[in-house]
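Colleague: Please take one part of this model and look at it closely. Keep the terms clear as you go.

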Amino acid sequence: MSDEPLLTVRNLQTHFWAGDGVIPAVDGVSFSIFHRQTLAIVGESGCGKSVTAMSILRLIPSPPGKIVAGEVFFKSQNLLAMSEKAIRRIRGGQIAMIFQEPMTSLNPVMSIGDQILEAIFLHQNVSPAAAVDIAVQSLRDVGIADAQRRLYEYPHQISGGMKQRVMIAMALVCKPRLLIADEPTTALDVTIQAQILELLAAVKRQNDMAVLLITHDLGIVAENADVVAIMYAGRIVEFADVYELFANPIHPYTRGLMACVPRLGAPHGRLTTIPGTVPSPASWPKGCRFEPRCALCTDDVRQRCRDHMPQLRQINDRHWAATFLAPGFDSAAATAPTLPFRRADQTPPGVPSTQGAL
Amino acid sequence: MTNLTAMPELSASAALPPPRGYWAVAMRKLLRPLLVKLCVLYIAAVLVISVLVPFIATGKPYIISLHTAHGLVTRYPLFADLTTRDYLTFLTAGMLIALAAIWRLTARVDLLRRRKLRWVSALTCISATVIAGVLVASLHHNQFDGTNYRHLMKSGRATGAIFAPIPWGYAQMEPLGRQAVNEMPSWRHWLGTDRSGRDVLSRMLWASRVAMGIGFVSQFIALSLGIIVGALMGYFSGVCDILGMRIVEMVEAIPTFFLILTFIAVFGRSTLMIMIILGVTGWTGYARFLRAEFLRIRQLDYIVAARASGAPLHSVLFRHMLPNGLTPVLVSASFGLAGAVTIESSLSYLGIGVRPPTPSWGGMLNAAGNPATVFHWFQALPPGFVLFLTVLAFNLVGEALRDAIDPRSFS
């Protein structure tokens, strides 16, 4: 099942100009997604995961933002170098995106039908009657009853979960090859979250899509992702397939994140936290950006962590990490992370199914 | 065209009342208070009068039969007397009503045909109006009919005349020999006559045309300019925003009133010129409002979503962002209308607005106290009151609009 990557991001750097300072929100991110793969980008707020997603489709508001370096190859075309007209074909047609806030992701002055029809007409040369059929079918596909009637309704007339379904229907209406889901369930309550995630998994199977899932919820990652990239302060600090990552987390940040997840049946006590906060980009340390908060950093490596930034290196054939604490870090090669792994292809090697918050 | 029978489900659900959109909800909220209803009614009445005033206040009868050497001849002096300007006003008003009707009627048409239907019929409507306007302007010649039809009736040389409700033209004087200047209100002249013996009521109604014309045309120009400049500044920001704001500041530094005075001094009086100057200097507020709205809206998820679905720039700007950012601009346009009406009245009060004998509320106010030794209250009160009511109505509607479209008041 080894194949060409669907999307390859190489050394992506997106900076924002705020006042006098430059904020490198994304600072050299590389990864690949393969057909039918779900890649999760995990990190806390402000780590650059959403900016990465927006940069892929060149949706960064400019000014103040700008993609200063890097390449994004989609089916061997560089998205960052193509004309505005060409990338409009890709947007929605090949790569679709859904957003965190279903409440604000639909245009309040347009009916749902108008919004879906516009998406259809932008990318498909179909008759109006056929477009309505496609719109109705797309709403049915995401489990919306009475789809005909919904076409005429406005966003304020439907619930949050329904809005997210409509968003997904709009994103899928042109059968994209890649769906970027930017925290698709964060704003929904837990029961609806599960429904939407199930729906996403189902539409992914039906449409043979790849999914770039952006989230901060390790439970969602454990249940849905094939490959996981952990981001911290604008960089990927760990990259592995989902089983490997949960079995052998290497980076202290990843370990910290996992320790923070409360577990059923665990002894009562205070919830674990990672001390400190994400440093602001203006005060990023010269060396490892996690070093000031690192609980695992030992005295013998601390000076090295402070002076040198660890690059992302391939620790073994399924695992990349950017920490001097990784076993065999010094002898590992600094390659761009790429893993054509899909969990459907192999049986899980005994990962505890209770992993995660759900 | 689409075959509706091919979509039984669609025709079935079309039978249900269509869900109301944002604007429909906002309009219902706007019209809820009685005071706002009254104001909107008042403005509508003034607009209707300003368009149809040639049929309401004129000395020419709709129909009259003249005794001539060839027997009884039927004439339609009022219709023959309509000027090119009247025809153009009717055409424009007719076009606007037709556009509104198209919008309204197609609201119930299903989505896919609606968009095309609206475009095609609106374009047909506008181009038909433009063609008709050019034809009228080039073919129609204004008649000057100095006949005194009342006199003809009285002397028995004509019969069967039907006069307008207010049988006085705005420039029509009482015949010589009947000293009827500065006459108090009477059955003959409901609001009296001015110093030239002209009917005050008729002049007041005709003056609404000048006020509404200057108000709406100048604000239409200002809105168009302001929306384009503001949208570009807000959406692109950066250099575009900086340059645009400098232009806005430069235009704002121009004292409109004195600019109009200067232009009138150099080029003479012209209503059209006043409209254009008011429009070209009045757009900055709209541009500022729209810029601020666009700066806010452009980072909302649904705009990013529209861009992410591949929508081209014009669609993002004018289909997705403009309807969401227009609301504060409309509020400000309502105040802008009131301002334009006030400026027109001020100019006319100073005697440099519209060219006499064309009446204007400001000019009538001036005439009421001119010469300064006498003040004829019955000449000043009606136009002053109407001017006050108009400005008040626009301001009240503007305020109500601001409350009605406040998104926080939406459930």
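Modeller: Start with E183(A): this residue is buried, because 20 other C-beta atoms lie within 10 Å (buried is 20 or more, exposed 12 or fewer, partly exposed in between, with C-beta atoms placed from the backbone). The model is predicted, so local features need pLDDT of at least 70 and side-chain atom pairs 80 or more, while totals for chains, interfaces and linings use all residues. Residues are numbered from 1 along each chain as its sequence is written, with chains lettered from A and ligands numbered from 1 in written order.

Phi of E183(A) is near 45°, which is positive, and the residue is not glycine. E183(A) sits in the loop between β7 (178-182) and α7 (190-207) of chain A (DSSP runs numbered from the N terminus: helices are H or I, at least four residues; strands are E, at least two).

S237(B) lies in the loop between α8 (200-236) and α9 (238-252) of chain B. S237(B) counts as partly exposed because it has 19 C-beta neighbours inside 10 Å.

Chain B has another backbone feature. The peptide bond from P356(B) to P357(B) is cis, with omega near 10°. P357(B) belongs to the loop between α14 (313-349) and α15 (361-368) of chain B.
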